[in-house]
There are 2 protein chains.
Amino acid sequence: MAPSAIPTTSHTGEPELDLTSSAIEHRRTENVQSNGSTESHANGVSQPNIKELDASKLTYTFTKEPREVPAPGVFNLNDQSICTDHMITVAWSAKTGWKTPELKPYGPLSLMPTASVLHYATECFEGLKAYRGFDGKLRLFRPDCNSARMVMSAVRISLPSFSPPELEKLLLALMAVDGPKWLPRERPGSFIYLRPTMIGTQSQLGVQAPSEALLYLIASYMPAMDSPAGGMKLHTSPDDMVRAWVGGFGYAKVGANYGPSLLATQEARARGFGQILWLYGREGQCTEAGASNFFVVWKCKESGKTQLVTAPLDDRLILDGVTRRSVLALARERLGDEVEIVERKYTIEDVLQADEEGRLVESFAAGTAYFVCPVSVIHHRGRDVKVPMGKAGESGQLTSQIKGWLRDIMYGGEDHKWGVVVPEEQ
Amino acid sequence: MAPSAIPTTSHTGEPELDLTSSAIEHRRTENVQSNGSTESHANGVSQPNIKELDASKLTYTFTKEPREVPAPGVFNLNDQSICTDHMITVAWSAKTGWKTPELKPYGPLSLMPTASVLHYATECFEGLKAYRGFDGKLRLFRPDCNSARMVMSAVRISLPSFSPPELEKLLLALMAVDGPKWLPRERPGSFIYLRPTMIGTQSQLGVQAPSEALLYLIASYMPAMDSPAGGMKLHTSPDDMVRAWVGGFGYAKVGANYGPSLLATQEARARGFGQILWLYGREGQCTEAGASNFFVVWKCKESGKTQLVTAPLDDRLILDGVTRRSVLALARERLGDEVEIVERKYTIEDVLQADEEGRLVESFAAGTAYFVCPVSVIHHRGRDVKVPMGKAGESGQLTSQIKGWLRDIMYGGEDHKWGVVVPEEQ
């Protein structure tokens, strides 16, 4: 059941279904190719009445009830996320395509009880942050990566596609309006979390691809989670629970990857652990730590060289994380001589063995929410692996170095193409 | 990674995480044991401020804008399901438990854009039908089975538990109010589809079990789908796509099982097939047909006896369907001497071989939506297996017989404990 990049052909000459690779690529690129036009092209045929997502059409309705910016360190109110004054919504229907994007006051959505998303999990999302730099500028970090991934996730869950740069423009537009107030220049080094979301809204029961959908963008406060006291403590996944599998959808940012993982996470938290380290297969491959990518630094058994190791993307079990990708790129560029950067399958036994032989150097989880978060303990079947940390419970040396590089790009300490400056209105 | 019924214990004496079997059973029964009380008991400790779901508290607010019952054969309006005048909603919060159930006019739900269900697929549902009998009575079919399964699904997706008979009472209450008008006595032999749904409503971003939820019950028209012209045509699942996996959640009626399956189903429909026959593992075990259970009738290669075969429940890949369970029970009771009833793993190769050797007798899909639907074609990797049907494209003999028994119980042709009469208000 391994994914295949080569479309198979049946003996009748009709291509067999091959969905998670070539067919998705085909659907994804249909829209990308027609970028720039306001018309949609499917199979090269122009469909003049089906409108593309077009950020340049954005309309603005500003709130008449602006809310107060909370004190630093306050993120939630009555168990609810504090969001900014505005959101952007764009409706879609199969008959007419994407409607006009609207920036409007943040507030509730009205959904019929029969809406597709409430029954069949026709939903996907992205997470990225806007950073108020120490130079006063407001930046997004690699929004092109999130926008491209959102299209891939949408197609995987039978939601509509769009041209990724349009989402990027909408993200910049929302931050241009809400950034100056909600990430004020007086609070350099702070961030806000952006959550583009797409849901199936067709109000018809029945297991089918929704004919109506809603794309919406919101911005919410969120605590910094990269420095839990004493580091992140991981519990390996229970024997009878698997997060994702070959032929599944572990690589897509769809709701269906998250809800089913909560039960194990809740149990682990009740036992004092922060996240699950998800293992895969009989041999226990290390895949993700909670909803973050997982990295280990060890001395290679054979060569004795220091290696930074993480799971590969090729079997589509894990998310192609933007932080993961950035960690790997910077490490390859800046640590090339000292550290080997390795994307490969490795198991919990490999980690246990490195620990036993004193070769385990550091470990961290990497993702937008947790940024680069040092791991201090990995609990596996009754055994605690204590992972070396830096002094006073901080990140180890390599983790700190990588984290520092990324932080500099995010907060304007280093001028870098990954930091996209938001043109603010004030 | 096979599920284990035996909780494992680590060498530290602390039980290891074991979630899909014993832990779920534990959580599920916490509530069942406290049935009858309005207080919740967790781990045997009374929690006086946490209210249980209590159907006897149901309040009634009747619609002031009753809608028209559509003509027979009309199920949707403007691409939307036609629902009855009322719905029942019950809110839940972790702090106070279940609130008062309310019967009220059918209408939209208001959800914050940050609601858990829209991001993390914290959702589960049930499907059952209310039948207007030829004897004039209104019946539900085994609502106790759906209620019990709903609790299991809710726990699996980290939504709150409740005592199953309370849901059964709410289903009866909704039909007592809307049944007389929406399934009128003048339309014997008709049905309406009931959809109890639970969603995580906590308005806070972050991957966590929701602290607020909403249970709601709606009733919708739905076409009869058990007799497509020429029978149901199945296409086996693509090589690179798996519906469910051992250690996953294929056995639970959670949204996360449905959204990810739509892409393959959409492709199959574009090629003239009705549903996907989902295969599992390298050997291609037959699991489900679309969102229904899958049955084959063949002559056993070894004994020559007629066998009714379907996939087993023990590896938790498939839904424990109420129709499946009922088909098996009736067949065991009424066909015992002529037909062997077998729940076991079998592969697409077994089906192909039976076809080649002329041993394939019939096949059908069984579920609430599709009832008992004869399968006429199974397409696998370029090959069409033509499954024998009855005369004029109807069900084969065994399929017809089983379907007739079930229909009789549903529509009052046979007095049976599975048919639960709704005490109607008029």
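Visitor: To start with chain A, how many helices and strands does it have?
Guide: Chain A has 8 helices and 24 strands. The model is predicted.

Visitor: And what percentage of its residues count as buried?
Guide: Of the 426 residues in chain A, 61% count as buried.

Visitor: What share of the chain A contacts with a separation of 6 or more comes from residues 24 or more positions apart?
Guide: Such pairs account for 70% of those contacts.

Visitor: Let us turn to helix packing. At what angle do H3 and H4 of chain A pack?
Guide: H3(A), residues 143-156, and H4(A), residues 164-182, pack at about 125°, and their axes are 8 Å apart. That angle makes H3(A) oblique to H4(A).

Visitor: Is the crossing left-handed or right-handed?
Guide: The crossing of H3(A) and H4(A) is right-handed. On the H3(A) side, the contact is made by Pro143(A), Asp144(A), Ser147(A), Ala148(A), Met150(A) and Val151(A). H4(A) contributes Pro164(A), Leu167(A), Glu168(A) and Leu171(A).

Visitor: How does that contact divide by class, nonpolar, polar and charged?
Guide: The contact of H3(A) with H4(A) has 7 nonpolar residues, 1 polar residue and 2 charged residues.

Visitor: What about H6 and H8 of chain A: at what angle do they cross?
Guide: H6(A), residues 322-334, and H8(A), residues 397-410, cross at roughly 110°, and their axes come within 10 Å. H6(A) is therefore roughly perpendicular to H8(A).

Visitor: Which residues meet there?
Guide: Thr323(A), Ser326(A), Val327(A), Leu330(A) and Arg334(A) of H6(A) meet Ile402(A), Trp405(A), Leu406(A) and Ile409(A) of H8(A). By class, the contact comprises 6 nonpolar, 2 polar and 1 charged.

Visitor: Back to the loop between H3 and H4 of chain A. Is Leu159(A) buried or exposed?
Guide: Leu159(A), which is found in that loop, is buried, with a relative accessible area of 6%.

Visitor: What is Leu159(A) in contact with, leaving aside neighbours within four places in sequence?
Guide: Its contacts are Thr122(A), Glu123(A), Cys124(A), Ala154(A), Met198(A), Ile199(A), Gly200(A), Pro210(A) and Ala213(A).

Visitor: And how far apart in space are Leu159(A) and Glu414(A)?
Guide: Their C-alpha atoms are 38 Å apart, and the two residues are 255 residues apart in sequence.

Visitor: Next, backbone angles. What is the phi of Arg142(A)?
Guide: Arg142(A) is not a glycine, yet its phi is positive, about 50°. Most residues other than glycine have a negative phi. Arg142(A) lies in the loop between strand E12 (138-141) and H3 of chain A, and is buried at a relative accessible area of 11%.

Visitor: Where is Ala121(B) found?
Guide: Ala121(B) is in the loop between helix H2 (116-120) and strand E10 (123-125) of chain B. Ala121(B) has a positive phi of about 55° although it is not a glycine, and at 0% relative accessibility it counts as buried.

Visitor: While we are on chain B, how many residues does its helix H3 have?
Guide: H3(B), residues 143-156, has 14 residues. From first C-alpha to last, H3(B) reaches 20 Å, close to the 20 Å expected at 1.5 Å a residue.

Visitor: How many of those residues are buried?
Guide: H3(B) is mostly covered, with 12 of its 14 residues buried. Among them are Pro143(B), Cys145(B), Arg149(B), Met152(B) and Arg156(B).

Visitor: Which residue with a positive phi follows H3(B)?
Guide: Ser158(B) follows H3(B), and its phi is near 65°.

How values were computed. Residues numbered from 1 in each chain as written. Chains lettered and ligands numbered in written order. Predicted model: local features only at pLDDT ≥ 70, side-chain atom pairs only at ≥ 80, totals over all residues. Heavy atoms only, no water. Helix = DSSP H or I, 4+ residues; strand = E, 2+ residues; numbered from the N terminus. Expected span 1.5 Å × (residues − 1). Buried < 20%, exposed > 50% of the residue type's maximum accessible area, 1.4 Å probe, protein only. Axes fitted to C-alpha atoms, helices over the stretch in contact; angles between N-to-C directions. Parallel < 35°, antiparallel > 145°, perpendicular 65-115°, else oblique. Left-handed = near helix turned anticlockwise from the far one by under 90°. Contact = heavy atoms within 4.5 Å. Nonpolar A, V, L, I, M, F, W, Y, C, P; charged D, E, K, R; others polar.
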